[in-house]
Protein chains: 4
Amino acid sequence: MYSFICDYSEGAHPRILEALVRSNYEQAEGYGEDEYTRKAVELIKQRIGNDNVDVHLIPGGTQTNLTAISAFLRPHEAAIAAETGHILVHETGAIEATGHKIIPVKTEDGKLKPSQIKTVLDAHTDEHMVKPKLVYISNSTEIGSVYGKFELEGLSSLCRENGLFLYMDGARLGSALCSEGNDLTLSDLAALTDAFYIGGTKNGALLGEALVICSDDLKEDFRFHMKQKGALLAKGKLLGIQFVELFRDNLFFELAEHANKMAGIIRKGIEREGFGFLTYSPSNQVFPILPDRVIDELQRNYSFYVWAKMGSGMSAVRLVTSWATREEAVSAFIEDFRKVVSMYR
Amino acid sequence: MYSFICDYSEGAHPRILEALVRSNYEQAEGYGEDEYTRKAVELIKQRIGNDNVDVHLIPGGTQTNLTAISAFLRPHEAAIAAETGHILVHETGAIEATGHKIIPVKTEDGKLKPSQIKTVLDAHTDEHMVKPKLVYISNSTEIGSVYGKFELEGLSSLCRENGLFLYMDGARLGSALCSEGNDLTLSDLAALTDAFYIGGTKNGALLGEALVICSDDLKEDFRFHMKQKGALLAKGKLLGIQFVELFRDNLFFELAEHANKMAGIIRKGIEREGFGFLTYSPSNQVFPILPDRVIDELQRNYSFYVWAKMGSGMSAVRLVTSWATREEAVSAFIEDFRKVVSMYR
Amino acid sequence: MYSFICDYSEGAHPRILEALVRSNYEQAEGYGEDEYTRKAVELIKQRIGNDNVDVHLIPGGTQTNLTAISAFLRPHEAAIAAETGHILVHETGAIEATGHKIIPVKTEDGKLKPSQIKTVLDAHTDEHMVKPKLVYISNSTEIGSVYGKFELEGLSSLCRENGLFLYMDGARLGSALCSEGNDLTLSDLAALTDAFYIGGTKNGALLGEALVICSDDLKEDFRFHMKQKGALLAKGKLLGIQFVELFRDNLFFELAEHANKMAGIIRKGIEREGFGFLTYSPSNQVFPILPDRVIDELQRNYSFYVWAKMGSGMSAVRLVTSWATREEAVSAFIEDFRKVVSMYR
Amino acid sequence: MYSFICDYSEGAHPRILEALVRSNYEQAEGYGEDEYTRKAVELIKQRIGNDNVDVHLIPGGTQTNLTAISAFLRPHEAAIAAETGHILVHETGAIEATGHKIIPVKTEDGKLKPSQIKTVLDAHTDEHMVKPKLVYISNSTEIGSVYGKFELEGLSSLCRENGLFLYMDGARLGSALCSEGNDLTLSDLAALTDAFYIGGTKNGALLGEALVICSDDLKEDFRFHMKQKGALLAKGKLLGIQFVELFRDNLFFELAEHANKMAGIIRKGIEREGFGFLTYSPSNQVFPILPDRVIDELQRNYSFYVWAKMGSGMSAVRLVTSWATREEAVSAFIEDFRKVVSMYR
């Protein structure tokens with residue numbers, strides 16, 4: 001049984017484990033004030049090409065989202081998110097638990113458009129309603145789609161004109177930035193968003209996300225918020241060491257490229273058999289729409305999610321690859337896929 | 001420069017790193033539903049000798065406290081804690097941020113007594129005041145003292161008679177249970193408290209605390225609270241693997257014993273020179289009261305906190321040992337201590 | 001300029017003011033422990049015909065909703081509401097500010113159906129999502145529609161089968177219960193819901209809502225929640241006196257009947273000219289769809305909200321009547337309406 | 001049985017009731033956007049002599065405190081209050097329920113001193129602790145003491161030097177400003193605090209407090225916070241009408257003077273018999289320390305709180321007067337007091 005369930009099935013890239021072993025007995029300052037964390041922050045800033053950002057290392061994605069968004073908003077302010085947005089659906093009301101409403105927007109492909117945000121603003125007219133203040137986007141999105149530079153510029157302009165913060169959930173940012181057709185860089189993100197995070201957990205780390213705060217207005221006292229939300233690890237160097245490994249050379253991007261390459265093989269293999277997809281997804285998640293019989297048969301040897309019933313005996317499934325996905329496993333899957341499909345034709 | 005600053009300066013016990021390396025490419029279920037986590041939970045239950053508890057693995061201590069306490073209390077209910085309690089002082093208002101007041105109690109040695117809790121209950125008479133509902137204690141406490149079985153039984157009885165939950169912060173539980181004179185077992189804790197946690201971060205793990213929920217009333221839906229507070233790691237096996245190593249034999253207790261032994265050497269070395277201590281502390285934290293000149297001199301080669309100014313040119317300092325503290329370093333410290341003291345005499 | 005903007009434009013029914021004057025110098029216990037409040041609670045229980053309910057008097061509707069819902073739910077639990085629900089749209093995120101998500105449901109007429117709730121339950125499958133726990137309905141709804149007994153029984157059954165609380169916002173409950181075709185009684189509400197409130201502010205009082213808690217599970221310590229949320233008036237008798245007047249005879253219902261009657265005249269007058277309505281609304285809110293030119297002309301002499309642009313030069317407007325609406329004003333409005341319509345035909 | 005329990009036993013000053021009757025059928029805008037509220041705000045600004053303040057009318061004191069403080073603070077920021085402070089003791093954790101810790105300070109007389117606040121600031125050194133940001137004081141205090149101008153200037157300077165907001169709870173501000181020896185004016189308060197409120201409920205109104213926001217930084221979007229916390233009354237004119245009556249001439253101050261005069265008679269009558277007081281209290285609350293036997297006897301005909309057991313058969317009691325306290329009742333009380341005392345001598 002091989003798993004395409006998610007991109008956090010395996011542990012960490014071996015270089016990360018080696019670095020942990022190597023540094024194990026060094027005594028370090030706690031709570032992210034150690035040399036490794038300092039070095040990681042430095043490397044990330046260099047990669048972004050912008051020294052005027054704050055970088056914080058946080059154990060997980062939900063924690064990053066809830067710590068950042070609750071720090072950025074006043075009590076009456078709300079976030080806007082796509083209906084598929086992770087914070088809206090799969091974080092057990094973590095944002096609302098900090099007191100903030102999330103305004104859902106129906107989208108076609110998981111991506112928000114300026115016009116949709118404008119519609120929300122127009123509908124929120126007075127103090128009887130929350131004040132929309134932060135736009136939450138994911139890149140890549142929860143359904144695998146990826147923002148282009150032109151799209152992000154449009155969102156950024158609209159947000160700045162209307163006093164909104166633009167926040168990007170980058171749980172799968174590596175995959176997005178390495179996907180075919182991508183024209184965004186980390187540097188662009190620092191210029192166009194107010195804050196974003198670079199996901200480590202889903203791209204080679206044991207755990208860890210690097211939150212980048214770009215807007216000066218949002219930087220003050222952020223470590224207080226981290227501590228209050230339980231996001232300040234005592235052994236902070238655990239995160240520092242990992243991000244040093246990911247960013248001291250090109251490792252972070254190489255891992256993402258591998259994941260994307262594996263997903264691409266799957267996508268092409270499925271396309272070749274004539275099946276379509278839920279959405280155009282050039283990143284490490286693929287959502288083919290397949291006959292239920294085919295799905296049942298495949299699930300004997302492979303694990304993956306059935307994402308949505310599409311009617312007429314068809315369902316969309318989600319196949320996820322990662323830095324650790326083995327090329328032989330992918331080839332075997334496509335092989336098996338062809339067999340199963342031909343069997344049911 | 002050798003550090004006695006805290007018990008989270010180093011990484012993890014080598015067996016833990018080896019287990020991480022060994023299991024690295026295994027594909028596991030996410031979010032703590034993997035085999036390692038299941039095994040860790042099983043081992044902890046066995047060690048407690050009680051199958052009717054729920055065990056959850058959580059990345060850090062503040063997160064464990066805030067997730068548990070906010071899950072256990074209704075909005076108008078409050079916690080009672082010693083004035084020195086970690087949740088009251090050093091968690092940046094994490095509990096209040098979830099909506100709950102903490103009622104402080106002045107203590108002599110960091111430990112709460114039934115009579116003190118009774119006084120709080122008597123003072124809270126109607127709906128214009130919060131309703132005290134949970135008693136928070138730390139074992140060992142923030143100033144190194146340790147609860148005895150008789151003391152815990154007293155607290156437990158009082159809590160049960162008055163409908164209060166008894167919750168024990170066990171960030172340093174290993175050290176407490178292995179301290180000289182301790183007569184409590186994990187099994188006692190499960191019988192006498194409603195919930196407690198077994199600290200991994202400060203006793204050999206990279207990160208991780210094992211929350212044990214003993215009272216049936218507090219068990220329902222706990223994983224929802226974990227997810228909502230960002231306490232559910234995607235790669236949950238990272239915690240599972242560590243607790244398996246700590247509890248598949250006696251490692252957890254051996255590490256704590258080592259830390260205590262190192263602290264004992266320091267304590268005796270300081271006593272021998274005729275100095276006293278802030279509090280009686282048989283665990284891995286020692287709080288000697290020393291002349292400021294001696295402290296300044298020691299700080300050239302050793303790092304540790306100055307805990308409190310005591311007047312007359314004296315201060316209490318905090319020296320902390322851990323599973324990783326080297327015996328030679330401790331010996332060297334005591335040697336240097338003697339020299340410095342004799343110099344200033 | 002006559003206002004049909006809302007049902008809280010005027011003060012209180014004269015009997016209420018007289019009672020305030022009469023009792024002014026009596027010394028009363030504070031915080032709702034006075035004789036008037038006790039009497040009001042008694043009268044409401046009698047009217048409900050059920051002594052096993054708790055009744056609390058609270059200054060306003062938003063406050064009642066936020067106090068009740070936050071008291072009833074645990075942190076990970078969510079409310080379900082129609083997309084038009086007052087708590088979802090017009091309370092500035094008051095429920096979310098207490099930590100709870102509201103799950104929106106698209107409806108045709110502002111009323112929730114069991115099947116829609118079932119769909120929400122089916123979509124919430126695990127701890128990565130909030131746990132739906134409370135169904136919020138309004139009667140009459142925000143767009144004037146009214147629940148029938150059969151409908152409420154359906155909701156009640158579904159809620160009980162699935163462990164959900166059923167909560168009814170009764171800001172306009174008087175009008176609902178006195179509307180044409182209504183077959184619900186206060187007694188039914190106590191039997192079918194877990195809690196509901198009887199709106200005073202919009203039916204003859206200066207301020208005040210009577211929250212009725214029917215389910216034993218939700219009663220404990222409710223006054224603590226009221227105090228914590230600022231819902232316990234020092235001069236609580238102010239609310240008690242008003243509800244005594246409203247319920248010591250039939251006044252509450254007479255006032256609602258008057259409001260409905262006035263709305264009925266308007267509705268019929270508009271129908272007679274051949275116009276339709278946004279929704280079937282037998283209560284004291286009427287939502288005719290009129291030509292924008294007609295609306296502009298009417299607004300010279302009457303104030304009311306334009307509710308929604310309908311396209312093709314038509315808009316839905318909201319006309320609200322109350323216990324204080326004068327019949328001559330209504331007649332004059334219909335007269336003017338006819339003139340304006342004929343002018344633009 | 002005559003009550004000296006509190007200053008909210010009776011209704012409202014007759015002029016207020018007359019104004020309510022007079023305006024009853026006027027149609028007004030809802031939610032505080034009516035002419036009466038506008039007029040009240042204008043009158044209060046004139047009385048303060050400062051047009052650059054924002055004034056909001058809010059139903060009750062706890063609600064004013066929780067709405068203001070939660071609007072003013074970011075999540076990691078805390079309030080500092082005297083141990084006797086109303087928000088700390090008698091509001092059921094209302095401030096903590098909005099997420100903020102209150103740091104208690106032990107005082108002698110219920111008043112905070114700059115040096116005490118400095119001590120708190122010095123103890124809060126890093127992000128592991130909350131950030132003290134707002135100083136909460138009450139004037140008059142919960143034990144009847146009153147701030148002088150020199151004291152308030154000291155607090156104000158310290159707060160400004162340290163970036164703290166100074167907030168005054170004025171539930172009994174009328175009495176404080178009219179107390180013997182007072183040298184503060186409303187104008188001073190606007191200059192020295194960042195926000196304060198003028199209590200109506202305890203000084204002649206049915207309900208209502210006027211929050212004055214002085215600091216520009218705290219003004220933005222305040223009505224959103226009011227709505228979210230349920231503090232925006234639908235029939236907002238109810239508050240407007242009352243504050244117009246209190247401030248269109250000297251009524252507010254005349255009522256407070258009466259209350260103080262009544263308290264003065266009680267104080268002097270008790271002093272004359274040789275008894276002392278818990279604290280120096282020139283306002284409308286008096287806290288004599290009396291023999292328990294005397295207290296028991298007095299309680300046959302008068303109701304009042306026993307405030308604190310003082311030992312040796314003595315207790316402090318609280319006697320409160322108000323705008324409505326009758327001079328004959330006070331004279332009778334002192335007469336009876338003398339008799340009881342002589343009986344037990």
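These legends describe close-up views of a predicted model.

**View 1. Helix 6 of chain C packs with helix 7 of chain C.** Helix 6 covers residues 114–123, and helix 7 covers residues 149–161. Their axes lie 9 Å apart, at an angle of about 25°. Angles under 35 degrees count as roughly parallel. Helix 6 of chain C and helix 7 of chain C are therefore roughly parallel to each other.

**View 2. Residues of helix 6 of chain C meet residues of helix 7 of chain C.** From helix 6 come C:Pro114, C:Ile117 and C:Lys118. From helix 7 come C:Gly154, C:Leu155 and C:Leu158. By class, this contact has four nonpolar residues, one polar and one charged.

**View 3. Chain A is in contact with chain C.** Each chain brings 16 residues to the contact. The side of chain A that touches chain C has six nonpolar, seven polar and three charged residues. How many of the interface residues of chain A are also interface residues in chain C? The figure is 100%, so the copies meet through the same surface.

**View 4. Chain A can be laid on chain C.** This takes a turn of 180° and a shift of 0.0 Å along the axis. The RMSD is 0.0 Å. The two copies are thus related as by a two-fold rotation axis.

**View 5. Chain A is in contact with chain B.** Here 39 residues of chain A meet 39 residues of chain B. On chain A, helix 1 (14–22), helix 3 (61–72), helix 5 (94–97) and helix 10 (222–228) each give two or more residues to this side. The side of chain A that touches chain B divides into 19 nonpolar, 15 polar and five charged residues.

Definitions and conventions
Residues are numbered from 1 along each chain as its sequence is written. Chains are lettered from A and ligands numbered from 1 in the order in which they are written. This is a predicted model: local features need pLDDT of at least 70, side-chain atom pairs count only at pLDDT 80 or more; totals for chains, interfaces and linings use all residues. Axes are lines fitted to C-alpha atoms, for helices over the stretch in contact, and angles run from 0 to 180 degrees between N-to-C directions. Helices (H or I, at least four residues) and strands (E, at least two) are DSSP runs, numbered from the N terminus. Angles under 35 degrees count as roughly parallel, over 145 as roughly antiparallel, 65 to 115 as roughly perpendicular and the rest as oblique. Two residues are in contact if their C-beta atoms, placed from the backbone, lie within 7 Å. Ala, Val, Leu, Ile, Met, Phe, Trp, Tyr, Cys and Pro count as nonpolar, Asp, Glu, Lys and Arg as charged, and the others, Gly among them, as polar. Copies are superposed by least squares on the C-alpha atoms of residues with pLDDT of at least 70 in both.
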